[in-house]
Amino acid sequence: MKLKRESLLLYLVTDSRFSKNMPFEQAVEQAIKGGVTILQFREKHLHLKERIPLAEKIGALCRSYKIPFIINDDPNLAKKLNADGVHLGQEDMPIKQARQILGDDKIIGVSAHTVAEAEKAFENGADYLGVGAVFGSNTKTDTINLTPELLGEIAGSVPIPCVAIGGVNENNIHLLNNTGISGVAVVSGILAKENPLSAAKKLKELAGEAVYGK
């Protein structure tokens with residue numbers, strides 16, 4: 001699958017622990033119906049034996065709604081599930097090795113926190129970057145917040161699209177306006193909400209303002 005820049009507008013990263021108001025799969029489907037444009041399956045707290053069947057179900061949902069399905073950290077699992085791609089952190093498998101496993105037609109995203117990391121990821125063949133943490137994180141404890149200025153500097157340093165990640169919600173997303181990003185990645189800002197559909201719909205509208213201007 002060739003990555004379209006517009007597919008990154010509202011990027012849902014899963015964490016089923018936040019889905020307390022309804023079953024996780026239902027929350028994901030509601031989020032997609034509300035406007036999620038790409039999904040990353042990230043369930044690190046689950047054992048692999050639990051992750052695989054759940055990933056299969058979420059992948060089937062993504063395919064039925066025709067949005068890209070990305071696996072976090074694990075190129076081999078992405079290949080096994082025929083996912084659309086993988087997202088790699090700085091400590092994960094090198095991009096070139098992941099590319100050998102997945103092939104040229106799959107999407108590879110990479111986390112970046114500095115201009116140097118962004119430029120290296122681009123040079124090694126990344127298709128997009130996840131840049132953060134812009135507002136801290138509810139899922140990670142070792143993150144350093146990026147200023148909107150640094151986010152803009154990173155986004156402007158490479159020709160591939162950048163997605164802002166880390167604590168993004170409807171109350172702070174406006175601070176990302178005019179930073180050159182192509183989208184925002186959200187976890188609890190959708191999955192922890194009582195109504196994931198309406199939360200996604202609102203965030204997609206606000207993400208459009210951040211990316212394209214009012």
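## A right-handed unit

Strand S2, helix H2 (residues 48–64) and strand S3 form a β-α-β unit that is right-handed; that is, with the strands pointing away from the viewer, the path from the first strand over the helix to the second runs clockwise. Helices (H or I, at least four residues) and strands (E, at least two) are DSSP runs, numbered from the N terminus.

The model is predicted: local features need pLDDT of at least 70, side-chain atom pairs count only at pLDDT 80 or more, and totals for chains, interfaces and linings use all residues. Residues are numbered from 1 along each chain as its sequence is written, and side-chain values use heavy atoms, without hydrogens and water.

S2 runs parallel to S1 (residues 10–13), to which three bridges join it; strands pair if DSSP finds at least two bridges between them. Leu 39 is the bridge partner of Leu 12. Between S1 and S2 the chain passes through helix H1 (residues 24–34) in a right-handed β-α-β crossover. S2 and S3 (residues 69–72) are also parallel and joined by three bridges, and Phe 69 in S3 is the bridge partner of Leu 39.

## Asp 73

Asp 73 lies in the loop between S3 and helix H3 (75–80). The side chains of Asp 73 and Lys 44 are joined by a polar contact of 2.7 Å (N or O atoms within 3.5 Å; within protein, one must be able to donate a hydrogen and the other to accept it, and residues adjacent in sequence count only if both atoms are side-chain atoms).

Apart from neighbours within four places in sequence, Asp 73 is in contact with residues including Val 86, His 87 and Asp 92 (contact: heavy atoms within 4.5 Å).
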